[in-house]
Amino acid sequence: MRALLTLLRDIRRLALPYFRSEERWTAIGLLGAVIGLELAWVYCTVLLNRWNNAFYDAIQEKDFGAFKHQLLIFCAIAAGAICVAVYQIYLKQWLEIRWRRWLTKRYLEHWLGDDTHYRLRLSGDAADNPDQRIAQDVSMFVSQTISVGVGLLGTIVSLTSFSVILWGLSGAIDLKLFGIDMHVPGYLFWAALLYAALGTLITHFIGKPLVRLNFDQQRYEADFRVDMVRVRENSEQIALLGGEPAESRKLEGRFGRILDNYFGLMKAQKRLTWFTAGYNQVSNIFPYVVVSPGYFAGAIQLGTLMQTGSAFGSVQGAFSFFISSYSTLAEWTSVVNRLTGFEAAMEVAKRDDGARAFPHRREAAQEAALALADMDVRLPTGEAIVAVDRLSIGKGERVLVTGPSGGGKTTLFRAIAGIWPFGTGTITLPQDARVMILPQRPYVPVGRLDDALTYPLPATDFDHARLAEALTAVGLEVLVHRLEEQALWPHILSLGEQQRLSIARALLEQPDVLLLDEATAALDEPSEAAVYALLRARLPQATVLSIGHRATLNALHDRTLALSGTGLPRRLVDGPAFQPEAA
Ligand SMILES: Nc1ncnc2c1ncn2[C@@H]1O[C@H](COP(=O)(O)OP(=O)(O)OP(=O)(O)O)[C@@H](O)[C@H]1O
């Protein structure tokens, strides 16, 4: 019961925001229309039920005139029912796609805002496969919420209408139970209720494992898909390393989980279908078995038998809503659980953001380009890896940061760039200073080269001549005529070319603080020196902090910082470049 209440609360929390959003009037209007059409559908079935009585009476009486008249009435009811069915599906789909558009946009904003996507990755497996949550779960949630919600409403209305009809058609019955004489009015209604309640209990008992199995199935499918995308993205490395057998083993393992779970699903579904299919078959005949004694005793006409049978079927069918929709409900429950988990994980990631460990203070009167104070950079496990007591770097200064591999240099840069949340301390920058970080392996999006060059700004923000000039300055003049070409640039460009491209990006963006994390490591030494000379010439005001291991970098910088000490945390101090001990 507690689980049901939690589920209902989760559904409400996921569904309500759309109906309170700026689109609320269209949303409410569409929902109202869909509900109205559902009620119209129930009304058609009530009319058909009444029609049953007159139609079968006409047959029994061999009254051809009445028979023809009833056929005409049937055509009118059927025409109405067809229109209702067509427009209900159409408007339902309309509501679905609008709701999905709104919810997808909202999730994308949450996921991509405040570095949440990165923080979710840092926090591990809290929300597996966000892509699947946004692409598939949102769609399933919307369509299933509408169909289950409207279906449930239709069922309740249908139940009420047919219960009244059935109660009116059904006489009272006198029973002797446990030696007590009982007078049961509307006994057919109670018979339908008992029949359906028993069925529902058994269905729930048999079908319970489906919720978990559906949840896992979606997760395993997504893991399998993501691993294949990784193979595609790293196909060159895999081919070079001859990693195909390893990948194949891994993918087969992933698929094995899908398979095992699917077998579980099949077995659970089979068990459930044994019961529900049998139940549905019995349901076709059960009402007539219950009502027929009255007919054979001559108490009721054929028309009344047919109408009562159909009303009984409708009441029992409505009571059995749970049975007929169990698989959908199970799937819906797992979708709701996945989306709730995703929202909760994003909330946690954002809450970390609220208590951001490294507040970036912006001060108008700040003299230094970058000041670090009392910093304690930590790993997600809480272990401190880098400490900075007090450090001030002047405008235009070129600083080389050195230290042992794995010492925490990149992590320190992440903290300065504002994306690393673990640790304490203060980072102070001038009011409008722009910070840009260039990693060793730059992100080069697929698409047009000019968009890749100016990423994340659109290429249209720059004129062609400027882009061509930036490319030429970094030695990529051969690419100038391909600026508008769409291609898989991350696979086409060598790592050195990608590093040059990202230097060109920095020339265009003109940051105040430029962090180079081994951003020129793929270039030969003279080319690297040329790039640093270019940066000095083109960005003379920019403060440049570089991480690098080459001794030649010393001469290209004004100052050197080193991570000192052997134990953790290592302290960042002014001093000679870190020298690895000879092995
Ligand atoms: N997301 C993360 N989760 C857990 N540990 C991490 C994460 N990122 C980095 N680390 C760990 O932090 C330590 C420092 O890593 P970092 O990349 O900052 O080192 P580095 O000094 O830049 O190394 P290198 O010179 O080899 O590039 C490493 O032990 C690394 O495994």
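A residue is called buried here if 20 or more other C-beta atoms lie within 10 Å of its own, exposed if 12 or fewer do, and partly exposed in between, with C-beta atoms placed from the backbone. The model is a predicted one, in which local features need pLDDT of at least 70 and side-chain atom pairs count only at pLDDT 80 or more, while totals for chains, interfaces and linings use all residues. Residues are numbered from 1 along each chain as its sequence is written.

**Stop 1**

Begin by selecting Lys 62, which lies in the loop between helix 2 and helix 3 (64–112); helices (H or I, at least four residues) and strands (E, at least two) are DSSP runs, numbered from the N terminus. Lys 62 counts as exposed because it has 8 C-beta neighbours inside 10 Å. Its phi is near 55°, a positive value in a residue other than glycine. Most residues other than glycine have a negative phi, and most peptide bonds are trans.

Then go to Thr 26, whose place is in helix 2 (residues 24–60). Thr 26 has 13 C-beta neighbours inside 10 Å and so counts as partly exposed. If you also pick Leu 515, 489 residues away along the chain, the C-alpha atoms of the pair are separated by 48 Å.

**Stop 2: the annotated spans and helix 6**

UniProt, in an unreviewed entry, places the feature "transmembrane region" at residues 28–51, 71–91, 146–167 and 187–207; its positions are given in the numbering used here, feature names are shortened, and annotations may be inferred rather than shown by experiment. Select residues 146–167 and the chain is 100% helix and 0% strand, with the end C-alpha atoms 31 Å apart. Residues 187–207 are likewise 100% helix and 0% strand.

Helix 6 (residues 187–207) has 21 residues and reaches 30 Å from its first C-alpha to its last, close to the 30 Å expected at 1.5 Å a residue, where the expected span is 1.5 Å times one less than the number of residues. Which residues of helix 6 are buried? Colour Leu 188, Phe 189, Ala 191, Ala 192, Tyr 195, Ala 196, Gly 199, Thr 203 and Gly 207, which are the buried ones. Seen down the axis of helix 6, these buried residues fall within an arc of 160°, so they line one face of the helix; the arc is that of the directions from the helix axis to the C-beta atoms. The face of helix 6 turned away from its buried side carries the exposed residues Leu 194, Leu 198, Leu 201 and Phe 205.

**Stop 3: Phe 342**

Move on to helix 12 (residues 326–354), where Phe 342 has its place. Phe 342 counts as buried because it has 24 C-beta neighbours inside 10 Å. The C-alpha atoms of Phe 342 and Tyr 279, 63 residues apart along the chain, are separated by 37 Å.

**Stop 4: the domains and the ligand**

The protein chain is divided into domain 1 (178–299) and domain 2 (360–444 + 493–574), with bounds that come from an automatic or database domain assignment. The C-alpha centres of domain 1 and domain 2 lie 56 Å apart.

Next, centre the view on the ligand, which is surrounded by Leu 122, Leu 379, Pro 380, Ile 385, Gly 403, Ser 405, Gly 406, Gly 407, Gly 408, Lys 409, Thr 410 and Thr 411; a residue is near a molecule or strand if its C-beta atom, placed from the backbone, lies within 6 Å of it. Helix 13 (residues 409–417) gives the most to this shell, with 3 residues. The shell divides into 4 nonpolar, 7 polar and 1 charged residues, where Ala, Val, Leu, Ile, Met, Phe, Trp, Tyr, Cys and Pro count as nonpolar, Asp, Glu, Lys and Arg as charged, and the others, Gly among them, as polar.

**Stop 5**

Select Pro 456 in the loop between helix 14 (449–454) and helix 15 (464–473); the peptide bond from Tyr 455 to Pro 456 is cis, with omega near 10°.

Gln 510 is in the loop between helix 17 (495–509) and strand 11 (513–517), and has a positive phi of about 55° although it is not a glycine. Gln 510 counts as partly exposed because it has 13 C-beta neighbours inside 10 Å.

**Stop 6: helix 18**

Finish at helix 18 (residues 525–538), where the buried residues are Glu 528, Val 531, Tyr 532 and Leu 535. Viewed down the axis of helix 18, these buried residues fall within an arc of 95°, so they line one face of the helix. On the face of helix 18 turned away from the buried side are the exposed residues Pro 526, Ala 533 and Ala 537.
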